[in-house]
Amino acid sequence: MAQSRSSNTLLVPQAMAALDRMKFEVAQELGIAIPQDGYYGSMATREAGSIGGSITRRLVQIAEQSLAGQS
């Protein structure tokens with residue numbers, strides 16, 4: 001995946017690989033083709049934002065389900 005420029009820091013740095021795997025799994029579930037080289041230059045900004053939003057919604061749903069199961 002492309003290098004991140006985010007200033008967010010993970011509480012558990014080892015979780016980065018797991019998060020990346022989860023992003024790819026969610027993208028695959030949603031039928032989103034991820035470029036092998038990580039280059040999104042040919043994609044419109046609106047389309048990239050829509051994909052990011054879809055992945056984020058699914059990741060939040062997974063987290064909510066996980067938290068609900070821990071109660």
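The model is predicted, so local features need pLDDT of at least 70 and side-chain atom pairs count only at pLDDT 80 or more, while totals for chains, interfaces and linings use all residues. Residues are numbered from 1 along each chain as its sequence is written, and side-chain values use heavy atoms, with hydrogens and water left out.

**Overall fold**

- The secondary structure comes to two helices and zero strands, where helices (H or I, at least four residues) and strands (E, at least two) are DSSP runs numbered from the N terminus.
- Along its principal axes, the C-alpha trace of the protein spans about 45 × 25 × 20 Å.
- Of the 71 residues in the protein, 8% are buried; buried means under 20% relative accessible area, exposed over 50%, and partly exposed in between, with a 1.4 Å probe and protein chains only.
- The protein exposes about 6000 Å², of which carbon and sulfur atoms supply 54%; accessible areas come from the Shrake-Rupley method with a 1.4 Å probe, and for residues only the protein chains shown count as cover.

- After α1 comes Gly31, whose phi is positive, near 75 degrees.
- Ser42 has its place in the loop between α1 (15–29) and α2 (45–70), and with a relative accessible area of 76% Ser42 is exposed.
- Ser42 and Thr9 are 33 residues apart along the chain, and their C-alpha atoms are separated by 29 Å.

- Ile51, leaving aside its neighbours within four places in sequence, is in contact (heavy atoms within 4.5 Å) with Ile32 and Met43.
- The side chains of Glu29 and Arg58 meet in a salt bridge at 3.0 Å, N to O, the term being used for a side-chain nitrogen of Lys or Arg within 4 Å of a carboxyl oxygen of Asp or Glu.
- Because Glu29 lies in helix α1 and Arg58 in helix α2, this pair ties together parts that are 29 residues apart in sequence.
- Glu29 counts as exposed at 52% relative accessibility, whereas Arg58 is partly exposed at 21%.
- Glu25, also found in helix α1, counts as partly exposed at 48% relative accessibility, and its C-alpha atom is separated by 9.5 Å from that of Ile55, 30 residues apart along the chain.

**Nonpolar surface**

- Leu10, Met16 and Leu19 form a nonpolar patch on the surface, with about 230 Å² of accessible area together; patches are made of residues with over 30% relative accessible area and no salt bridge, with like charges joined within 9 Å and nonpolar side chains (Val, Leu, Ile, Met, Phe, Trp, Tyr) within 5 Å.
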